[in-house]
Amino acid sequence: MTSEDYIIEILHKAHKLKIRKEVLKLATIIFTNNPKKERLQAFEEAFKEIKATRNSS
């Protein structure tokens, strides 16, 4: 699988959890603040952070 395939998979999971928009927004912020970071890593971090925040609420 390519990085893009993994990103699509992350977005599918986020959609099921109803956090897709938040993940996209945070991943964009993460990537913008650190352009040397891989896009996949930004999406993984965003997904984990949003999911953890939702689970603790």
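Contact here means heavy atoms within 4.5 Å. Helices (H or I, at least four residues) are DSSP runs numbered from the N terminus. This is a predicted model: local features need pLDDT of at least 70, side-chain atom pairs count only at pLDDT 80 or more, and totals for chains, interfaces and linings use all residues. Residues are numbered from 1 along each chain as its sequence is written, and side-chain values use heavy atoms, with hydrogens and water left out.

**Exercise 1.** Work out which residues of helix 2 and helix 3 meet.

*Solution.* Start with the axes, which are lines fitted to C-alpha atoms over the stretch in contact, with angles from 0 to 180 degrees between N-to-C directions. Those of helix 2 and helix 3 (residues 39–56) come within 8 Å and cross at roughly 130°. Now look along the contact: Glu22, Val23, Leu24, Leu26, Ala27, Ile30 and Phe31 of helix 2 meet Arg39, Ala42, Phe43, Glu45, Ala46, Phe47, Glu49, Ile50 and Arg54 of helix 3.

**Exercise 2.** Find the residues that touch Phe43, leaving out those up to four places away in sequence.

**Exercise 3.** Say how closely helix 1 and helix 2 approach, and who makes the contact.

*Solution.* First, the axes of helix 1 (residues 3–16) and helix 2 (residues 20–33) come within 7 Å, crossing at roughly 135°. Next, pick out the partners: Leu11, Ala14 and His15 on helix 1, with Arg20, Val23 and Leu24 on helix 2.

Terms used. Helix = DSSP H or I, 4+ residues; strand = E, 2+ residues; numbered from the N terminus.
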